[in-house]
Amino acid sequence: MRHRTSRKKARIFLLIIWALSCVLAAPCLMYSTVMTKRYNNGKTRTVCYMLWPDGRYPTSMADYM
């Protein structure tokens with residue numbers, strides 16, 4: 001017979017997984033930017049992109065990390 005994980009341990013593991021995923025997603029939340037561009041023909045386009053503190057793509061080293 002194998003020992004099963006208790007409910008308390010399972011909840012702790014889930015809490016750790018959710019906390020870790022929130023920490024890893026935080027930079028995307030902090031540095032994502034929305035830009036709307038209007039063209040001469042009247043159309044608009046909205047784009048979401050990452051604007052890191054060290055610059056834009058392709059010069060940003062944070063993009064590669």
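**Contacts, hairpin and cysteines in a predicted model**

User: What share of the chain's contacts with a separation of 6 or more comes from residues 24 or more positions apart?
Analyst: Contact here means heavy atoms within 4.5 Å. Among contacts in the chain with a separation of 6 or more, the share from residues 24 or more positions apart is 2%.

User: What kind of model is this?
Analyst: Residues are numbered from 1 along each chain as its sequence is written, and side-chain values use heavy atoms, leaving out hydrogens and water. Local features need pLDDT of at least 70, side-chain atom pairs count only at pLDDT 80 or more, and totals for chains, interfaces and linings use all residues, as the model is predicted.

User: Which pattern does the chain follow along the sequence?
Analyst: Helices (H or I, at least four residues) and strands (E, at least two) are DSSP runs, numbered from the N terminus. Read in sequence order, the pattern is α-β-β.

User: How many bridges join S1 and S2?
Analyst: Two strands pair if DSSP finds at least two bridges between them. S1 covers residues 32-38 and S2 residues 44-50. Thr33 stands opposite Tyr49, and Lys37 stands opposite Arg45. The pairing is antiparallel, and the bridges number seven.

User: Which residue in the hairpin turn has a positive phi?
Analyst: S1 and S2 form a hairpin with five residues between them. A phi of about 95° belongs to Gly42.

User: What percentage of the 65 residues is buried?
Analyst: Buried means under 20% relative accessible area, exposed over 50%, and partly exposed in between (1.4 Å probe, protein chains only). Across the 65 residues, the buried part is 3%.

User: Is Leu29 buried or exposed?
Analyst: Leu29 is in helix H1. Its C-alpha lies 9.2 Å from that of Met50, 21 residues away in sequence. With a relative accessible area of 70%, Leu29 is exposed.

User: Which residues form a nonpolar surface patch?
Analyst: Patch residues have over 30% relative accessible area and no salt bridge; like charges are joined within 9 Å, nonpolar side chains (Val, Leu, Ile, Met, Phe, Trp, Tyr) within 5 Å. A salt bridge is a side-chain nitrogen of Lys or Arg within 4 Å of a carboxyl oxygen of Asp or Glu. Accessible areas come from the Shrake-Rupley method with a 1.4 Å probe; for residues, only the protein chains shown count as cover. With about 290 Å² of accessible area together, the patch is formed by Ile12, Phe13 and Ile16.

User: How many disulfides does the whole structure hold?
Analyst: A disulfide is a pair of cysteine sulfur atoms within 2.5 Å. The search of the whole structure finds zero.

User: How far is the nearest cysteine sulfur from that of Cys28?
Analyst: Cys28 is in no disulfide. The nearest cysteine sulfur is that of Cys48, at 9.4 Å.
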